[in-house]
Amino acid sequence: MGGDEKVFTLAQVSEHNSPKDCWLVINGKVYDATNFLEDHPGGDEVLLSATGKDATDDFEDVGHSDSARDMMAQYYVGEIDVSTIPKKIKYKPANQPHYNQDKTSEFIIKLLQFLVPLAILGLAVGVHLYTKSS
């Protein structure tokens, strides 16, 4: 790897996304995995699904052996222009109110807010009917 290394954009790498022409981006480097598709232990679909994006996380999550990492050198074609790779957005959950596991007191208050006016109404109707019949 000298000073004449080829630098590719993600768009350029993404054009190589078929079984006859498959390029991958791993750890900032571009690899032509076309000749390795048939030999890949995980099958060619795994490699083909990793085209058009930075496949570093996919590669690292599998836990490749040192010999697999050493083998990559023969497929190296250049570097990736990292400014062409979209930034990863970290998920940040929305702020939500504290969850009250014991909702008994809330339930009782809501129940009373419904039953007390209903009881007062029933009592008023009962008193009205009693006074009218007397």
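Modeller: Happy to! In this predicted model, 72 Å separate the C-alpha centres of domain 1 and domain 2. The domain assignment gives residues 7-84 to domain 1 and 102-134 to domain 2.

Biologist: What does UniProt say about residues 111-131?

Modeller: In an unreviewed entry, UniProt places the feature "transmembrane region" there. In the model, residues 111-131 are 100% helix and 0% strand, with end C-alpha atoms 30 Å apart.

Biologist: And which feature does UniProt list for residues 5-81?

Modeller: That one is "domain: Cytochrome b5 heme-binding", again from an unreviewed entry. The span is 30% helix and 25% strand, and its end C-alpha atoms lie 12 Å apart.

**The sheet**

Biologist: What makes up the open sheet, and in what order?

Modeller: It has 5 strands, ordered β1-β5-β4-β3-β2, and the pairing is mixed.

Biologist: Why are β1 and β2 called edge strands?

Modeller: Each of them pairs on one side only, and that is what the name refers to.

Biologist: How do you know that β2 and β3 count as a pair?

Modeller: Two strands pair if there are at least two bridges between them. Strand β2 (residues 17-18) and β3 have 2 bridges, in the antiparallel sense, so they meet that cut-off. N17 stands opposite C22 in β3, and a hairpin of 2 residues joins β2 to β3.

Biologist: What about β3 and β4: how many bridges do they have?

Modeller: There are 4 bridges between β3 and strand β4 (residues 29-32), again antiparallel, so this pair passes the cut-off of at least two as well. I26 stands opposite K29 in β4. Their hairpin has 2 residues between the strands, and N27 there takes a positive phi near 50°.

Biologist: Which way does β1 run against β5, parallel or antiparallel?

Modeller: Parallel: 2 bridges join β1 to strand β5 (residues 76-80). V7 has E79 in β5 as its bridge partner. In general, strands of a sheet pair through backbone hydrogen bonds, either parallel or antiparallel.

Biologist: Why is S14 called partly exposed?

Modeller: Its relative accessible area is 24%. Buried means under 20% and exposed means over 50%, so S14, at 24%, falls in between. S14 is found in helix α1 (residues 10-14). S14 and A55 are 41 residues apart in sequence, and their C-alpha atoms are 12 Å apart in space.

**The largest pocket**

Biologist: What is the volume of the largest pocket, and which residues are closest to its centre?

Modeller: The volume is about 470 Å³. Of the 24 lining residues, F36, H40, L47, F59 and H64 are the closest to the centre. The elements giving two or more residues to the lining are β3, α2 (44-48), α3 (56-62) and α4 (66-71).

Biologist: How do you find such empty space in the first place?

Modeller: Rolling a probe the size of a water molecule over the atoms shows where empty space is left.

Biologist: How many nonpolar residues are in that lining?

Modeller: The lining has 16 nonpolar residues, along with 6 polar and 2 charged ones.

Note on methods:
Residues are numbered from 1 along each chain as its sequence is written. This is a predicted model: local features need pLDDT of at least 70, side-chain atom pairs count only at pLDDT 80 or more; totals for chains, interfaces and linings use all residues. Side-chain values use heavy atoms; hydrogens and water are left out. Domain bounds come from an automatic or database domain assignment. On a 1 Å grid over the protein atoms alone, a cavity is a set of points where a 1.4 Å probe fits but cannot get out, and a pocket is an open set with protein on both sides within 12 Å along at least five of seven lines; lining residues have an atom within 4 Å of a point. Grid points are joined across faces, edges and corners, and a volume is the space filled by probe spheres set on the points. Ala, Val, Leu, Ile, Met, Phe, Trp, Tyr, Cys and Pro count as nonpolar, Asp, Glu, Lys and Arg as charged, and the others, Gly among them, as polar. UniProt positions are given in the numbering used here, feature names are shortened, and annotations may be inferred rather than shown by experiment. Buried means under 20% relative accessible area, exposed over 50%, partly exposed in between (1.4 Å probe, protein chains only).
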